[in-house]
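Morning, everyone. I have one structure for you today.

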Amino acid sequence: MSATKNTITWTKKDLLGLEYLSKEEIELILDHAKSFKEVLLRPLRKVPTLRGKTVANLFYEPSTRTRISFELAAKRLSADVINIVKESSSIQKGETLIDTGRNLEALKIDIIVVRHGSSGAPAALSRAVDISVVNAGDGWHEHPTQALLDIFTLREKLGKINGLKISIIGDIAHSRVARSNIWGFTKLGAKVTVCAPKKLIPKGIEKLGVKITSDVDDAIKDADAINVLRMQFERDEKAAFPSKIQYFKNFGITEERLKRAKKDIVVMHPGPINRGVEMSAEVADGSKSVILKQVTNGIAVRMAVLYLVAHHKRNI
Amino acid sequence: MALKKKAIILDKDGIDRAIKRISHEILENNKGIKGLVIVGIRSRGEYLAYRIAESIKKISGKKVPVGILDITLYRDDLTEIAEQPILKESNIDYNITGKKIVLVDDVLFTGRTIRCAMDQLIDFGRPSVIQLAVLIDRGHRELPIRADYVGKNVPTSLNEVIEVKLKEVDKIDEVDICEKPKK
């Protein structure tokens, strides 16, 4: 039995990124998420664990599923939730964020969940306040809970991560999801390949221990799973790709392409999907896709994260 | 923290006899197994629940459903305890409305664990009755809770610890009374 598996204790006040976590800490979150998933199956999908605690969702960038997922996770744990949503254009990095954080602390908030356009903003906030900070996506840096739910979903599906071949396909340059995925999957022993048009592969990414290709068929060929990222045309100033049609032709995941892959390849996508751009509708809705499972698992993973940071044991 | 073993309270035969007697009492009290669900509290209560169900099957020839509760998320002392508890899933048929629940745990002490378990059960549904079976009652209740079925009553001091070892996890069936080292 796994009863004695988690011998480590969670000591971190915050969750800022998977780069800063050990393999054991990542596994601790995943194991807890498994238990929280059971809570989601109960007739009364709520436990009293965080009763009396308050979670603030502080979102400087638009987000639907991440914010709703965090809100549901907090509510399933009986925490109170407030949502603070600002237009990214009206906000400046720096003191404003710190001041907001200090005010939330003065309002006796326990956990701030922050989404920000600037890489490192959650870390700066975390240094300024004593309350817990959870990174819900910062710039092109990290989106740790998305990667955790990707890892959780794949581990649930295939039973393990160690030794798997995983290809991350799409806009690597602008993707915090890609970065967190690379940290998480490599720490758990998977072999990661990134695949993107040449202009969308950031310099130095190979230092993270990944294989690089711009040939999508090559990326699919031996993969146990592919994580297909959204093509962020709104961020693509360099015009790496002239059109969505062209992107789909060269990089889109289709049933035809998957015929040359492993028979039981797992297809993931963090959403929102652009059907007919990153992948065809048939693939998105097909039997290999675990996209909606990822959404459900996202709540369980975020419950685990909120639970652990709320009950962290300080390193003395 | 090294514990000093003072005495063996129950050996394997003692545990077996206690399980058998509790099983008979459960059957007698509930006039059979109709509507009965045995619910063990992780972790030692889980194994005792399966043993009681097995024993009831031997006596009555009928199978009783068993459920497992993990009460971690219902604890009232999560922020105070030194060790982070290991969280595991509960594994129970949630449809417990109208059922006769027998909660099973290894040691009844302050009663707080049982309070958590009852809160959790009542979130799942409305059982017609909740009864409590424990292998050891060591006293020192902090809540108005008592057991319906007790393997053995053991008066203890607060400086003592009851260690229940079950072969499913500890390779041996034995209950010890131990002393905490003096500070």
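Here is a question to start. In which loop of chain A is A:Pro272 found? Look between strand S9, residues 266-268, and helix H10, residues 281-284: that loop holds A:Pro272. Keep in mind that this is a predicted model.

Why stop at that loop? A cis peptide bond sits there, joining A:Gly271 to A:Pro272. Its omega is about -10°.

Now go to chain B. A cis peptide bond runs from B:Arg42 to B:Ser43. Here omega is near 0°. Where is B:Ser43? In the loop between strand S2, 36-41, and helix H2, 44-60, of chain B.

Next, phi. I have two residues, one per chain.

Take A:Ser78. Its phi is near 70°, which is positive, and the residue is not glycine. Buried or exposed, then, for A:Ser78? Buried: its relative accessibility is 15%, and the cut-off is under 20%.

Now B:His140. B:His140 lies in a loop of chain B, between strand S5 (129-137) and strand S6 (149-153). With a relative accessible area of 32%, B:His140 is partly exposed.

That is the local part. Let's step back to chain B as a whole.

How many helices and strands does chain B have? There are 4 helices and 8 strands. Read from the N terminus, the order is β-α-β-α-β-β-α-β-β-β-α-β. The radius of gyration is 16 Å, close to the 16 Å that the globule rule gives for 183 residues, so chain B is as compact as a globular protein of that length. Along the principal axes, the C-alpha trace of chain B spans about 50 × 40 × 30 Å.

What about the inside? Of the 183 residues in chain B, 51% count as buried. Now the contacts in chain B with a separation of 6 or more: 69% of them are between residues 24 or more positions apart.

Last, charge. Chain B carries 33 positive and 29 negative side chains. The centres of those two sets lie 4 Å apart.

That's my tour. Over to you.

Terms used
Residues numbered from 1 in each chain as written. Chains lettered and ligands numbered in written order. Predicted model: local features only at pLDDT ≥ 70, side-chain atom pairs only at ≥ 80, totals over all residues. Heavy atoms only, no water. Helix = DSSP H or I, 4+ residues; strand = E, 2+ residues; numbered from the N terminus. Buried < 20%, exposed > 50% of the residue type's maximum accessible area, 1.4 Å probe, protein only. Rg over C-alpha atoms; globule rule 2.2 N^0.38 Å. Contact = heavy atoms within 4.5 Å. Lys, Arg positive; Asp, Glu negative; His and termini not counted. Charge placed at Lys NZ, Arg CZ, Asp CG, Glu CD.
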